[in-house]
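Welcome! Here is a short briefing on how two chains meet.

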Protein chains: 2
Amino acid sequence: MSEKAFKTGETVNVCTVNKPEWFFSINPLAKVPTLQHDGKVVYESLVCNEYVDRVFPGRKLLPEEPLEKARIGMLQAIWDAKISPNFYKIADKDQEGRDDIIKVFKEGMSFLEKEVAAKTFFGGEEPGFLDYSLWPWFERLSVLEVASGFKLEEAQFPKLSAWQAAMRDRPEVKMHAKDTPTHLQYLMSRKQGNPDPDAGLQA
Amino acid sequence: MSEKAFKTGETVNVCTVNKPEWFFSINPLAKVPTLQHDGKVVYESLVCNEYVDRVFPGRKLLPEEPLEKARIGMLQAIWDAKISPNFYKIADKDQEGRDDIIKVFKEGMSFLEKEVAAKTFFGGEEPGFLDYSLWPWFERLSVLEVASGFKLEEAQFPKLSAWQAAMRDRPEVKMHAKDTPTHLQYLMSRKQGNPDPDAGLQA
């Protein structure tokens, strides 16, 4: 959010496994992200991104051209359907149907690979909303390798690997970067059935 | 789509139970709606609605004001999560966990009831994109009653009942209206495990 003049009042990390009661009272779907601004609640990835882009000053992070904008929305939908719900399941080697889960996960990644091919970022020469909304998951990919040996092979996803390197180099990404042990701490708390959404933040 | 100067080249009704192979080749999520325009593919309800609204001339069906627009997106998300996936399950009295399904379905409807309270349509004094994207399901609600006795009680959903009456009165809605026997024909073909997405269209 460093690209928008976005003064975060308070960030509440919500445990997405054991969802707290109050969360349902502001968002019936109890999904993250959920924003509260001027007493109004906004949720759903696509809806939040557009709301923030239009309401706050700063560089525009969503494209104006209708087909370009649709493309970003479709990729976010593929991510939400094929990748994020399967992410942590891959960390567990004993997960039932893990091979099929990995297959769907990589299918989703293949769409990203194809779409980032022509440019440095999904947003073009500078990162846009899709880059920033997906990045936190890529930062966390290393824990899957530590926990279960799973990684996205650079040979299979060369463009996505180059994109990750370019993202890692951005000053605003560096500013918020968390290391693998921190992400692993969350993964372990999650595995023990009591995920700690603030894991590593006390440091 | 009568409100937009939208010349439909060809409408393909896709069976959403037994999805055809070619459908996955244009949309990896194989969900309806999916549009093809100038050789480009666009999918996801929110994404399609905005694309059509921006690319085709005619009355604007999505609000400009950021919070109003977010509100429409959030309601569509509630519909997609709580109502549409449960719709046909309610028709089957033997459906496992049917009481819980009805509970979730009505929860979703309660959000719509609250949101339409102050206006005639979700779009304001004239229907907007949410009105047109939800309406086909409401037109079909009568089959749930015929098939299994389920109905949304007017006493519990008075505003939504008034909205349905107002929608039914619109000339563009009348022009595309299908009757209960037609919707029932689809439901029966679906129940027999071989849903016919063109049911009633041959007439």
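Which side chain does B:Glu64 meet in a salt bridge? The partner of B:Glu64 is A:Arg54, at 3.6 Å from N to O; a salt bridge pairs a side-chain nitrogen of Lys or Arg with a carboxyl oxygen of Asp or Glu within 4 Å. This is a predicted model, where local features need pLDDT of at least 70 and side-chain atom pairs count only at pLDDT 80 or more, while totals for chains, interfaces and linings use all residues. Residues are numbered from 1 along each chain as its sequence is written, chains are lettered from A in the order in which they are written, and side-chain values use heavy atoms, without hydrogens and water.

**The interface as a whole**
- Chain A and chain B each bring 25 residues to the contact (heavy atoms within 4.5 Å).
- About 2,200 Å² is buried between the two chains, and carbon and sulfur atoms give 78% of that area (accessible area, 1.4 Å probe, lost on being put together and summed over both parts).
- On the chain A side, A:Arg54, A:Leu67 and A:Met74 lose the most area to chain B, together 25% of what that side buries.
- Between chain A and chain B there are 4 salt bridges.

**Two helices that pack**
- H2(A) packs against helix H3 (residues 66–83) of chain B at about 180 degrees, with the axes 10 Å apart (helices are DSSP runs of H or I, at least four residues; axes are lines fitted to C-alpha atoms over the stretch in contact, with angles from 0 to 180 degrees between N-to-C directions).
- H2(A) and H3(B) are therefore roughly antiparallel (angles over 145 degrees).
- Among the residues that meet here are A:Tyr51 and A:Arg54 from H2(A), and B:Leu67 and B:Met74 from H3(B).

Terms used
Parallel < 35°, antiparallel > 145°, perpendicular 65-115°, else oblique.
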